[in-house]
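Subject: Structure handover

Hello,

Here is the structure I promised. Please open it alongside this note. My findings follow below.

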Amino acid sequence: MAAILRARGILAVVTDPAVSPKDRFITVYGRKPVLEALADPDLEVDKVVLADTVRGGGERDITAAARGRGVPVQRASAQRVKVLAGNGRHDQGVLADVVAPRMAPLPVFLSDLGSRRPASVLVLDAITNPSNVGMLLRSATAAGLDGVLLPRRGVPAIDPLVIKASAGVAFSAPVLRCGTAAEGIDLMQGAGFAVFGLDAGGDSLLDADLPHRVALVLGNETDGLTDPVRDRIDGVLSLPMYGGVESLNVASAGAVAAYELLRRKS
C-alpha cells in the first residue's frame, strides 16, 4: 500500500512494508492474564508462547485453554519469552499475542483515511504513567475518536497495567503507531491535520475554531509538551480553569478534550 504524504512541505510517497507484529498484536504476559485472554470469547488470540521451563499445573491449564480455543502453543527458551514479553520480572514464562483489530501504523491509517474524510486524533507525547495511558485509551475510544497516537518511543507499551487501567478497552482501541510523537505530527500535518498542543496559556479549546482534521497533543505529566513537539505544533489550546485550580491530571484533561471533539461532530 502506498501513501502520498506532504511532510513539512515535502511531497513523499511512503510504501508500507509488511505490518510489524508489534503493530498488529497486544502481547499479554503472566499466567493469569494469558488465561483471562484465552477465556474471553471477544478476544482473538493469535498464539501462546510457553518457556521450555514451564511445567506442571500451569502448563496444563494454559495448553488446555489454548487447545479449547484452537490457539497454537509455541515453545521457546525462557530468555526468548522475556525478550518477547519485554518484561523480565513478571512474564512467568508465558505470553499470548492478542489481535488488536483497530491498531495500525500511522501511515496506513492516513492512507486509508484518504484526502477528504474528517478525523479527530489524540497524540500522547512522553506520557509515562501506564494508568494514564490506559485511561486515555478508554476515554478516546468511548468518545468515538478516530485514533490515539501511541508512539513506540517515549510512551509505555500496552502492557497489563495499561490494559487494566483501560478496563480491557485497550484491545479494541484505535491505536496508531509510529516512532515518535514528533514523527507522527509531521506525517499528520502532511495529511492535512492541524495539530494543537493542549497546555496552559493557550486559547480555550471550548471556543476554538477547529478544522475538519485535528489532532490534540497531551504532554508529559510533569514537564508538559516536549521541545520537538512544541516546535512542530500549529498552536496551543487550553481548558478553562476556575476555583483556583491550575491544571487537571493528563487523563482527565484528555477525557474532556476527547468529548469536546465528539461534541464538535454532532
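In what order do the seven strands of the open sheet lie, and is the pairing parallel or mixed? The order is E7-E10-E9-E8-E12-E11-E13, and the pairing is parallel. Bear in mind throughout that this is a predicted model.

**The seven-stranded sheet**

Two strands sit at the edges: E7 (104-105) and E13 (235-238). Each of them pairs on one side only. Inside the sheet, E8 (residues 119-124) pairs with E12 (residues 213-218). Six bridges join these two, in the parallel sense. If you want a landmark, find Ala119, which stands opposite Arg213 in E12.

Helices pack here too. H9 (residues 250-265) lies across E8, E11 (194-204) and E12. The direction of H9 is at about 170° to E12. H5 (residues 130-142) packs on the sheet as well, touching E8, E9 (147-149), E10 (175-177) and E12. H5 makes an angle of about 175° with the direction of E8.

**Helix H5**

How far apart are its end C-alpha atoms? They are 18 Å apart. That agrees with expectation, because 13 residues at 1.5 Å a residue should span 18 Å.

Much of what you will see in H5 is hidden from solvent: Pro130, Asn132, Val133, Gly134, Leu136, Leu137, Ser139, Ala140 and Thr141 are buried. The cover over these buried residues includes E8, E9, H6 (160-165), E10, E12 and H9.

At the start, a side-chain oxygen of Asn129 comes to within 2.7 Å of the backbone nitrogen of Ser131. After the helix comes Gly144, with a positive phi near 75°.

**The cores**

In soluble globular proteins, nonpolar side chains tend to be buried together. The largest nonpolar core here has 60 residues. Val48, Leu124, Leu137, Ile158 and Leu216 touch the most other members. Another core lies apart from it, with 22 residues, including Phe109, Leu149, Val195 and Leu225.

Which residues does Leu137 contact, leaving aside neighbours within four places in sequence? They are Val148, Ile158, Val162, Val169, Ala170, Ala173 and Val175.

**The four-stranded sheet**

There is also an open sheet of four strands, in the order E3-E6-E4-E5. Its pairing is mixed. The edges are E3 (25-29) and E5 (73-76), each pairing on one side only. From one strand to the next, the twist averages 25°.

E4 (residues 45-51) and E6 (residues 94-99) run antiparallel, joined by five bridges. Val45 stands opposite Val98 in E6. H3 (residues 78-85) lies across E3, E4, E5 and E6, and runs at about 140° to E4.

**Lys47**

This lysine is worth a click. Lys47 is in strand E4. Is Lys47 buried or exposed? Its relative accessible area is 17%, so Lys47 counts as buried, the cut-off being under 20%. The side chain of Lys47 has a polar contact of 2.6 Å with that of Asp97. Beyond neighbours within four places in sequence, Lys47 is in contact with Val71, Pro72, Gln74, Leu95, Ala96 and Asp97.

**Loops to inspect**

Two alanines have positive phi values.

- Ala126 is in the loop between E8 and H5. Its phi is about 60°, although Ala126 is not a glycine.
- Ala167 is in the loop between H6 and E10. Its phi is near 55°. Ala167 is exposed, with a relative accessible area of 55%.

Last, go to Asn249, in the loop between E13 and H9. Asn249 counts as partly exposed, at 39% relative accessibility. The side chain of Asn249 reaches the backbone nitrogen of Ala251 at 2.7 Å. Where is Asn249 relative to Ser204? They are 45 residues apart along the chain, and their C-alpha atoms are separated by 17 Å.

Best wishes

Key: Residues numbered from 1 in each chain as written. Predicted model: local features only at pLDDT ≥ 70, side-chain atom pairs only at ≥ 80, totals over all residues. Heavy atoms only, no water. Core = buried A, V, L, I, M, F, W, Y, C linked by side-chain atoms within 4.5 Å. Buried < 20%, exposed > 50% of the residue type's maximum accessible area, 1.4 Å probe, protein only. Contact = heavy atoms within 4.5 Å. Pairing = 2+ DSSP bridges. Axes fitted to C-alpha atoms, helices over the stretch in contact; angles between N-to-C directions. Polar contact = N/O pair within 3.5 Å; in protein donor to acceptor, adjacent residues only side chain to side chain. Expected span 1.5 Å × (residues − 1).
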